[in-house]
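Please read it with the structure open beside you.

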Amino acid sequence: MADPDWWRQAAVYQIYPRSFADSNGDGIGDLKGITARVPYLQRLGIDAVWLSPFYPSALADGGYDVDDYRDVDPRLGTLDDFDELSAALHAAGIKLVVDIVPNHSSNLHEWFREALASPKGSAARDRYIFRDGLGENGDEPPSDWDSLFGGSAWERVTEADGNPGQWYLHLFAKEQPDFNWDNPEVREDFLKTLRFWSDRGVDGFRIDVAHALAKHLPEELPSKLVLPREDDNALGAHPFWDRDEVHEIYAEWRTLFNEYEPPRTAVAEAWVHADRLSRYASPEGLGQAFNFDLLQADFDVDQFRAVITKNLAEAAATGASSTWVFSNHDVVRHATRYGLPAGGGRRGKGQDGSQWLLDGGHAADVDAETGLRRARAASLMMLALPGSAYLYQGEELGLQEVGEIPAAERQDPSFFRSAGEQIGRDGCRVPLPWTAEGPSFGFGPGGSHLPQPSWFADFAVTAQDGVAGSTLELYRAALALRAELQTAEELEWIATDDASVLHFARPNGWQVVTNFGTEPVALPAGDVAIASGPVEGGLLPADTTAWLVSAKA
Ligand code: GLC
Ligand code: CA
């Protein structure tokens, strides 16, 4: 019988389909490209793949603007290609998780087109959030709210008679109108979508912006100046972030998930106050939620220990398993982040506000060597933690963020909507280098939809395959050993003499030591099974992690 708990300590590998592998040379990664790389994924040793959106989309936001939730973008393939990919992954023992984007559709979704063609007050408009504008002619937005990608969160439409009319809410790009989750048709349609993919054999779902669906929008909308702060979300009092009612939606989804054998899994992307994250992860809800605290922490022993301790305690309290993540398609790759001046670089900006990626390119402002050394240490430590490890394509190559993308070739709406003030997320979405030579570094037989820098050659799969000490071999070895040693979701901290050392033990004599300091430290007794850097004479260098294995159970 299939193990219903497979997700609890899974290593999940995120694929951003357009940038993974291109089978037909049009410069866009596709499903057949992924299928052809299943042996690579199997050799890497991951348990599951999470596919970012592959649905029909005009790519106003890299596919997170979905035109049709129950189909495949023709540029990426067909539903048959999807079934083939799913079968190939399953045959390789790899589970498949897909991305669901329920907060908003694209503006090209048939429902939104219908809403635009229908009059004010119509049932078609009620599936979204339409409001009259303020001011005498309704030409001012219904509120002063900003979209997350910059500019107003409201866009005015042209009515069927050609006159300017109502406004609709879009928390993200204007091509991403927010759904009205009070509308039963919206709820029904998503249940249908979840069934559609579950019936097709999908094992689980990643829920995009899971904390925004439920909204409470009074007649008179509060000004952004009085909205609760976004980072604490005012514990349920915000008009659209993290409202309590959102959990009614997920309870309904959970019922559906549990009709399947094994139950379908779900993980919430919810940027909410730490104290409220566990609600998303509850067994009556989605079951798991991303914990972004580690991703947001500096490479610092005290921050890491505090985050891990807190997250494990929360998981224990809710019955969910912990999640860990350093990189994804929305943030600066951690090999680059850790090479920035202290604490800087999230979302592409230095802490001091400097536009390091825009102006300097990656070499000028980033200490890439330190960044990579620390990223390897952090990842090796993370792969030993109890719970699920979420990996982002390319991190197993130690890939750096790409800074040198000309403005004209950028794609991220946040770059354009903020007039370049937010550098955007294209730098972590550049197609992967598979070979050190050849067109698009082996991404495909043609070009690449985002420009790849020449230094990608050094990070190519072929440059690392079978090379002792390469980041790819480190990940392969760590994932293999993790599978072998995987055990109860328990962790015991071990006191150290040196304040810059993190030391913990898992059951079965599995010990993990990370040196966050600047000087080498003596390792405890035990056999070094694997290390992220050179261990000599029983000394663990700075910015390095080692796994020690004493007695295997
Ligand atoms: C999530 C996605 C991000 C997207 C946004 C809007 O944060 O991870 O890529 O832009 O939602 O859908
Ligand atoms: Ca293609």
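Is Asp178 buried or exposed? Asp178 counts as buried, at 0% relative accessibility. Buried means under 20% relative accessible area, exposed over 50%, and partly exposed in between, with a 1.4 Å probe and protein chains only.

1. Ground rules. This is a predicted model, in which local features need pLDDT of at least 70 and side-chain atom pairs count only at pLDDT 80 or more, while totals for chains, interfaces and linings use all residues. Residues are numbered from 1 along each chain as its sequence is written, chains are lettered from A and ligands numbered from 1 in the order in which they are written, and side-chain values use heavy atoms, with hydrogens and water left out.

2. The pair at Asp178. Lys215 forms a salt bridge with Asp178, and the closest N and O atoms are 2.9 Å apart. The pair links distant parts of the chain, 37 residues apart. Lys215 sits in the loop between strand 7 and helix 6 (246-257), and Asp178 in the loop between strand 6 and helix 5. Lys215 is buried too, with a relative accessible area of 10%. A salt bridge here is a side-chain nitrogen of Lys or Arg within 4 Å of a carboxyl oxygen of Asp or Glu. Helices (H or I, at least four residues) and strands (E, at least two) are DSSP runs, numbered from the N terminus.

3. Other salt bridges. The structure holds 33 salt bridges. Arg43 forms one with Glu473, with the closest N and O atoms 3.8 Å apart. This pair also links distant parts of the chain: Arg43 is in helix 2 (residues 38-44), Glu473 is in helix 15 (residues 471-485), and 430 residues separate them. Arg43 is partly exposed, at 46% relative accessible area, whereas Glu473 counts as buried, at 17%.

4. Arg200 and Asp83. These two form a salt bridge, with the closest N and O atoms 2.9 Å apart. Arg200 lies in the loop between helix 5 (184-199) and strand 7 (204-207), and Asp83 in helix 3 (residues 79-91), 117 residues apart. Arg200 counts as partly exposed, at 26% relative accessibility. Asp83 counts as partly exposed as well, at 29%.

5. A network. Salt bridges link Asp61, Asp330, Asp412, Arg425 and Arg429 in a network.

6. The calcium site. Which residues coordinate the calcium ion (ligand 2)? They are Asp22 (OD), Asn24 (OD1), Asp26 (OD), Ile28 (O) and Asp30 (OD), at 2.2 to 2.4 Å. Along the chain, the donors follow the spacing D-x1-N-x1-D-x1-I-x1-D. Donors are N, O and S atoms within 2.8 Å of the metal (3.2 Å for Na, K and Ca); water is not among the atoms, so sites may look incomplete. Asp22 is buried, with a relative accessible area of 4%. Asp26 counts as partly exposed, at 37% relative accessibility.

7. Strand 4 is joined to strand 6 (residues 164-169) by 2 bridges. Arg131 stands opposite Trp167 in strand 6. Two strands pair if DSSP finds at least two bridges between them.

8. Strand 13. What surrounds this strand? All 6 of the 6 residues of strand 13 (residues 501-506) are buried, so it is largely enclosed by the rest of the structure. In a regular strand the side chains alternate between the two faces of the sheet. Here Val501, His503 and Ala505 point one way, and Leu502, Phe504 and Arg506 the other way.

9. Partners of strand 13. Strand 12 (residues 492-493) is joined to strand 13 by 2 bridges, and the two run antiparallel. Glu492 has Ala505 as its bridge partner. Strand 14 (residues 510-515) also runs antiparallel to strand 13, through 6 bridges. His503 has Val513 as its bridge partner in strand 14. The hairpin of strand 13 and strand 14 has 3 residues between the strands, and Asn508 takes a positive phi near 70 degrees there.
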